[in-house]
Amino acid sequence: MTVRENLTTFMGREVIDWEEDAKPRDPKKFVYRFRVSYDDGEEKMTELLASFIQNPAAAKVEAMVIGAWGEVASGDSSQPIVEALAAARDRLTNLKYLFFGDIIAEESEISWINQTDLSPLLEAYPKLEHLTIRGGMGLSLGTPRHEKLRELTIQSGGLPASVIHEIASGELPALNHLELWLGEPNYGGDATVDDLAQIFKGDRFPKLKYLGLRNSEIADDIAAAISLAPILPRLEVLDLSLGTLGDEGAKALAASAAIKKLKLLDIHHHFVSPEGVKALEGLGIEVDAEDKQEEHEWRGERSRFISIAE
């Protein structure tokens, strides 16, 4: 499966494309998306951003969506876009919500999106509350420090372990939603359960209520580890969806006393047997176990697959 639909809404607002002659819209109802075609390239993208940044409407904008910046598939890096946005900090004074990488398969497969160090955006926008990033190749967050960031989501077909270590070493005291699409090794997702250990300790993000470790090839290992982790009793939502969770992981979760404190356990797109699902549903919490998958068989071997990889 790949990502095939652009955003139509973001943060409860309708997404519309910005053009150089566009008329300002109500920032409470609309979000501007900035994107160019494959042939236009990153230079055209920075020009498009500049046309908006100089517009008086920029000061009122709370949310922005960054789409394709040219040949994003292993070609044009997002670095010039990051630099342009960071330089505009004195113009985009109310920016709170940012989606960076609204790029679909027709523009680039998710694992081919050429990202860069996005830490300048956290430094430039102290009011930022929500940051979603799509694409893990070349991605870095430095050592993220931000007083107001509440939601951090990284969508990828393979998230490097280095990014997880950066997040775990950061200072994000307001963070209550952390969502990581871990992916698989073939596309850069080289993280193991050991790489998640600092997050599982539960002392890095004191306000965390939602933890999503999604789209993961090691979902059973994650389930076994988090079922005993100090962070689990503090969570309201544990999201292990889009991955390869099977009966081994489901059994570990069902045996955990702390799991009963959740409001929601989300495992949709899973490989758990009906008996395993029944055991989870018997915990007395809401369980989303939709979209059960069947293992593939190839040359006598059975295998599972994550939802979004390439």
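Trainee: Why are helix α7 and helix α8 called roughly parallel?
Mentor: Bear in mind that this is a predicted model. In it, the axes of α7 (residues 247-254) and α8 (residues 274-281) cross at roughly 20°. Angles under 35 degrees count as roughly parallel, so α7 is roughly parallel to α8. The two axes come within 9 Å, and the crossing is left-handed.

Trainee: Which residues make that contact?
Mentor: On the α7 side, Asp 247, Ala 250, Leu 253 and Ala 254 take part, and on the α8 side Gly 276, Ala 279 and Leu 280. Sorted by class, that gives five nonpolar, one polar and one charged residues.

Trainee: Okay, on to Phe 200. What makes Phe 200 count as buried?
Mentor: Its relative accessibility is 6%. Buried means under 20%, so Phe 200 counts as buried. You'll find Phe 200 in helix α5, residues 197-201.

Trainee: Which residues is Phe 200 in contact with, leaving aside its neighbours within four places in sequence?
Mentor: Quite a list: Val 193, Leu 211, Leu 213, Ile 222, Ala 225, Ile 226, Ala 229, Pro 230 and Ile 231. As for Ala 168, it sits 32 residues from Phe 200 along the chain, and their C-alpha atoms are separated by 9.6 Å.

Trainee: How do you know that strand β6 is largely enclosed by the rest of the structure?
Mentor: Count the buried residues. In β6 (residues 130-134), five of the five are buried, so the strand is largely enclosed. Look at its faces, too: His 130, Thr 132 and Arg 134 are buried on one side, and Leu 131 and Ile 133 are buried on the other.

Trainee: In what sense do β5 and β6 pair, and what makes it a pairing?
Mentor: They pair in the parallel sense, over four bridges. A pair needs at least two bridges, so the four between β5 (residues 97-102) and β6 qualify. One to look for joins Phe 100 to Ile 133, its bridge partner in β6.

Definitions and conventions: Residues are numbered from 1 along each chain as its sequence is written. This is a predicted model: local features need pLDDT of at least 70, side-chain atom pairs count only at pLDDT 80 or more; totals for chains, interfaces and linings use all residues. Side-chain values use heavy atoms; hydrogens and water are left out. Axes are lines fitted to C-alpha atoms, for helices over the stretch in contact, and angles run from 0 to 180 degrees between N-to-C directions. Helices (H or I, at least four residues) and strands (E, at least two) are DSSP runs, numbered from the N terminus. Angles under 35 degrees count as roughly parallel, over 145 as roughly antiparallel, 65 to 115 as roughly perpendicular and the rest as oblique. A crossing is left-handed if the near helix is turned anticlockwise from the far one by less than a right angle, and right-handed if clockwise. Contact means heavy atoms within 4.5 Å. Ala, Val, Leu, Ile, Met, Phe, Trp, Tyr, Cys and Pro count as nonpolar, Asp, Glu, Lys and Arg as charged, and the others, Gly among them, as polar. Buried means under 20% relative accessible area, exposed over 50%, partly exposed in between (1.4 Å probe, protein chains only).
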